[in-house]
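This briefing is meant to be read beside the sequence and the coordinates.

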Amino acid sequence: MKFHKSLAVVLAAATATSAMANKLDPNNPSGTVVDRFADIEVLRYVVPGFNTLSPKQKKLIYFLTEAALSGRDILWDQNGKYNLPVRQLCESIYTNYKGDRNDKDFKAFETYLKQIEFGNGLYHHYSTDKFTPGFSRSWFDSQVKALEKAGSLPVDATSLPVLSKAIFDPAFMPKRVNQAAGEDLIKTSACNFYENISQPEVEAFYAARKDTTDLTPISYGLNSRLVKRPDGTIEEEVYKVGGYYDKAIRRIVDNLEKAKPFAESPEQAAVIEELIKFYRTGDLKVFDEYSILWTEDTDSPVDFINGFIESYGDPLGMTGSWESIVNYRDEKASSRTKTLAANAQWFENNSPVDPRFRKPQVKGVSAKVIDAAILAGDAYPSTPIGINLPNANWIRAAHGSKSVTIENITRAYDDASHGNGFNEEFVIDEPTRKLLDKYLFITDNLHTDLHECLGHGSGRLLPGVDPDALKAHGSTLEETRADLFALYYLADPKMIELGLLDSPDAYQAEYYKYMLNGLMTQLMRIEPGKDVEEAHMRNRKLIAEWVLEKGRPDNVVEIVEINGKHFVKINDYRKLRDLFGQLLHEIQRIKSEGDYEAGANLVETYAVKVDPKLHKEILDRYATLDIAPYKGFVNPVYTAVDAQGQPTTDPDKITDVKITYEEDFIPQMLRYSRDYSPLTK
Ligand code: ZN
């Protein structure tokens, strides 16, 4: 499972146009806007502390990043069978183009190229709809002719008609992943996991293999594609050395072999060894063995995933899209969650709920915080902010799982949001904006830590209460409970005592943002006329609307109108905290007693209905900001050098690895296509 950005952070980071890039600190490129096109913004992230790692750790990371980049073409091909040749063709046109680069058609072509580079193919990474070219067919044809004439056509000339069709015909393979009920999801999805085969045939194929009595079931189809031959036989083409994607996988394995001597422990060396064995055999039992070793290795500071992991790209959810993330533990941030977990019982004993509902023995979860060193495959350029693996339920039950948040990525989003126009539009005044600039990043992270490490694990049900008693409202109320636990404790002196915050006022930043989001700005995600449906959004609205109403006699929070625009105004932060505590008291009672009526009543009263006038105002104000709904990243560049400082890739000669942050989006893509493209050569 990947966790995508919390709405709160998305909103805070929602803006930043290319004009803003100049405002950022040149010594700290985190959050710098590298490129902006269509609905996309590309940012830089930094890898903090890379230069303080040991030479051995740097070498380990270096070869793991090489292994990560080596799989790029696999994902491109998985995302659609024409993606790689179209990329070759478009990149050749782009680099060989001799005309005016400000020409209308060229500009539109450049945008298209950026879109396919970002989508790892012809389809939008999120909607999975095919991109629409803004340049003319005749312009494109003339560019292809020019390439042919110069003898630099990178693809087979006989494939040109179908590649043009793939680019220009909107009805031809229009969607990468089709989920529409009632259609053959295989035949109507352009992803390249199946060939000449129908959905019922695929389902029958796997149904015949599955042993439903197996308590340790393997993940059928995770690393293969299914093809029906002209004679009707169905064949499983396995991704492995000597199998499908042989050249790319060989190169991944080669780099894993080079990384292995630099492993930090025998346990980690065993993880790498088992992954190599999996790539060599394609045996999914070996993949499970690897997953178990990986899950149980919690000590190694450097860690990585590399393989066919998440199956969102397959309409049937079977085959894994290739991805890799190399990372290492952020010791400072991880100590935050360790501190919380070590004090879990204190938090439980002091929570504002009825003592009958407290847990006598509570165990906090010590979540790991990491910094990414490279993003690759399906995790690039768009990337999750957290990972929770492995996916196999039986392994999770028997061996646990690793849950990590990627701090340097959330940091980059936050850095991009400073001085970007969003706060100027929606935050009531300058002192409050200053407060957010100063404390929102740390308090937002701490809120997440409290929510995940302590909130969900706190409290207990009375004997005999059905854990599912709250039914359809269960997840909204559970998120409400965890959020309130975090909000309540964020303002507690214990935060300062434990060294987690350095100012007694810091919590106010999160309080303001939480109320603004819950009462107003999260509505920008809702279409006009619709209700709030998603559980996290309902939870935030429930909390914000409830404290707004209950605090009215004391004027704790209000919505004020200034020059025709509405703003959230918080008049008494201490009383706001008391209200959060009171609501937590009630939500815990509802959960512990299984009081469905009271829970449903709270949700229906506070969490669902949208004020259409306020909603329209927010959408209008939001539209005036030049906002890219989707963001992604360029990677830093790693260069291994020898004792003389000369670049080398020889493991025996490398003495250091340099990191730089200057590369732009298209240059990075062109370099990857040149240096890491085993499937097109
Ligand atoms: Zn939660």
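Which helices and strands each supply at least two residues of the lining of the second largest pocket? In this predicted model, the elements that do so are β8 (321–329), α12 (331–342), α15 (407–417) and α17 (430–455).

- By residue class, the lining of the second largest pocket divides into 9 nonpolar, 10 polar and 12 charged residues.

**The sheet β2-β3-β14**

- Three strands form an open sheet in the order β2-β3-β14, with mixed pairing, and its edge strands are β2 (33–37) and β14 (630–634), each of which pairs on one side only.
- Neighbouring strands of this sheet are turned by 20 degrees against each other on average, with direction ignored.
- Strand β2 is joined to strand β3 (residues 40–44) by 4 bridges, and the two strands run antiparallel; within this pairing, phenylalanine 37 has isoleucine 40 of β3 as its bridge partner.
- Helix α25 (residues 665–675) packs on the sheet, where it touches β2, β3 and β14, and its direction makes about 90 degrees with that of β2.

**The sheet β4-β5-β6**

- A further open sheet of 3 strands has the order β4-β5-β6, again with mixed pairing; β4 (194–195) and β6 stand at its edges with a single partner strand each, so one side of each is left without a neighbour in the sheet.
- On one side of the pairing scheme, β4 and β5 run parallel and are joined by 2 bridges, with leucine 226 in β5 as the bridge partner of tyrosine 194.
- Helix α8 (residues 199–209) packs on this sheet and touches β4, β5 and β6, its direction making about 120 degrees with that of β5.
- Strand β5 (residues 224–228) pairs with strand β6 (residues 234–238) in the antiparallel sense over 5 bridges, and in this pairing valine 227 stands opposite glutamate 235 of β6.
- The strands β5 and β6 form a hairpin with 5 residues between them, and glycine 232, which lies in the turn, has a positive phi of about 95 degrees.

**Buried positions in helices**

- Leaving aside neighbours within four places in sequence, isoleucine 61 is in contact with Phe50, Leu53, Val302, Val326, Tyr328 and Ala373.
- Isoleucine 61 and histidine 456 are 395 residues apart in sequence, and the distance between them in space is 34 Å, C-alpha to C-alpha.
- In helix α7 (residues 160–168), the buried residues are Leu160, Leu163, Ser164, Ala166, Ile167 and Phe168, and what covers them includes the helices α4 (83–96), α5 (104–119) and α6 (137–149).
- As background to reading such a helix, an α-helix has 3.6 residues a turn, so residues three or four places apart point the same way.

Methods
Residues numbered from 1 in each chain as written. Predicted model: local features only at pLDDT ≥ 70, side-chain atom pairs only at ≥ 80, totals over all residues. Heavy atoms only, no water. Pairing = 2+ DSSP bridges. Buried < 20%, exposed > 50% of the residue type's maximum accessible area, 1.4 Å probe, protein only. Contact = heavy atoms within 4.5 Å. Nonpolar A, V, L, I, M, F, W, Y, C, P; charged D, E, K, R; others polar. Axes fitted to C-alpha atoms, helices over the stretch in contact; angles between N-to-C directions.
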